[in-house]
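Trainee: I would like to learn how to read a fold from its model. Can you take me through this one, feature by feature?

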Amino acid sequence: MNNILGLLRLRIKRGINLAVRDTKTSDPYVVVTMGSSQKLKTKVIKKNCNPQWNEELTLSITNLEENIHLEVYDKDTLTVDDKMGDADIDIKPYVECLKMGLDVLPKGCAVKKVQPNRTNCLSSESCCVWENGKIVQDMILKLRNVECGEIVLQIEWIHLPGSKGLAGA
């Protein structure tokens, strides 16, 4: 608990046009890793290249400089699961918004816009938005090392009582 700055909730919403790895479709799931100690995964969605996960995964954040890595796999029964692409989430722009110390904004107010570039995996512009008393960031990530596919997700900071918080970063 000494090193934890807070928690980051990832809402893995859905996949778009994921690669076919079985005969006509895939059985995709997402593996989220941060550093060497945290690894989480979504459930498998059978026979669907446009899966709806709508799952929340929570990571303990100890280093704001560390990217979050996503890998998408096709679940296979008799063989090793097939890779369906990967992407990284850079949380630094989101953390910048959190450190602004904003308190009360109109619902839906955009705090920051993040443009896709060569150093991030964004497929389109991503906004950090004030929602229900918190800043969230919705994003669509373009998968790398694969012919097609995107992942739609949202990130949200959760203050952990007794943690260092962002001020300790």
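**Reading the fold, feature by feature**

Mentor: Start with the helix. The buried residues of α1 are covered by elements including β1 (6–16), β7 (110–114), β8 (126–131), β9 (134–142) and β10 (150–158). Covering here rests on contact, heavy atoms within 4.5 Å. Helices (H or I, at least four residues) and strands (E, at least two) are DSSP runs, numbered from the N terminus.

Trainee: What should I know about the model before I go on?

Mentor: This is a predicted model, in which local features need pLDDT of at least 70 and side-chain atom pairs count only at pLDDT 80 or more, while totals for chains, interfaces and linings use all residues. Residues are numbered from 1 along each chain as its sequence is written, and side-chain values use heavy atoms, with hydrogens and water left out.

Trainee: Which residues of helix α1 are buried?

Mentor: An α-helix has 3.6 residues a turn, so residues three or four places apart point the same way. Here α1 covers residues 92–99, and Pro 93, Tyr 94, Val 95, Cys 97 and Leu 98 are buried. Buried means under 20% relative accessible area, exposed over 50%, partly exposed in between (1.4 Å probe, protein chains only). After α1 comes Gly 101, with a positive phi near 70°.

Trainee: In what order do the 6 strands of the open sheet run?

Mentor: Strands of a sheet pair through backbone hydrogen bonds, either parallel or antiparallel. The order here is β4-β1-β10-β9-β8-β7, with antiparallel pairing. β4 (52–61) and β7 are at the edges with a single partner strand each, so one side of each has no neighbour in the sheet. Neighbouring strands of this sheet are turned by 20° against each other on average, direction ignored. Two strands count as paired if DSSP finds at least two bridges between them. The axes behind such angles are lines fitted to C-alpha atoms, for helices over the stretch in contact, and angles run from 0 to 180 degrees between N-to-C directions.

Trainee: How many bridges join β1 to its partners β10 and β4?

Mentor: β1 and β10 are joined by 9 bridges, and β1 and β4 by 8. Both pairs run antiparallel. Ile 12 has Leu 153 of β10 as its bridge partner. Gly 6 has Ile 61 of β4.

Trainee: Which residues of β4 are on the covered face?

Mentor: Trp 53, Glu 55, Leu 57, Leu 59 and Ile 61. The uncovered face holds Gln 52, Asn 54, Glu 56, Thr 58 and Ser 60.

Trainee: Which residues have the most contacts inside the largest nonpolar core?

Mentor: A nonpolar core is a set of buried Ala, Val, Leu, Ile, Met, Phe, Trp, Tyr and Cys residues joined through side-chain atoms within 4.5 Å. The largest one here has 42 residues, and Ile 12, Ile 68, Leu 70 and Ile 151 have the most contacts inside it. Beyond four places in sequence, Ile 151 touches residues including Ile 12, Trp 53, Leu 70 and Met 139.

Trainee: What about the open sheet of 4 strands: what is its order?

Mentor: The order is β3-β2-β5-β6, again antiparallel. β3 (38–41) and β6 (82–89) are the edge strands, each pairing on one side only. The twist averages 20° from one strand to the next. Strand β5 (residues 68–74) is joined to β6 by 6 bridges. His 69 has Asp 88 of β6 as its bridge partner.

Trainee: Is Glu 71 buried or exposed?

Mentor: Glu 71, in strand β5, counts as buried because its relative accessibility is 18%. The Glu 71 side chain makes a polar contact with the Tyr 73 side chain (3.1 Å). A polar contact is a pair of N or O atoms within 3.5 Å; within protein, one must be able to donate a hydrogen and the other to accept it, and residues adjacent in sequence count only if both atoms are side-chain atoms.

Trainee: How many disulfides does a search of the whole structure find?

Mentor: A disulfide is a covalent bond between the sulfur atoms of two cysteines. The cut-off is a pair of cysteine sulfur atoms within 2.5 Å. The search finds 0. The sulfur of Cys 97 is 3.6 Å from its closest cysteine sulfur, in Cys 128, which is too far for a bond.

Trainee: Where does Asn 132 lie?

Mentor: Most residues other than glycine have a negative phi. Asn 132 has a positive phi of about 50°. Asn 132 lies in the loop between β8 and β9, and counts as exposed at 65% relative accessibility.
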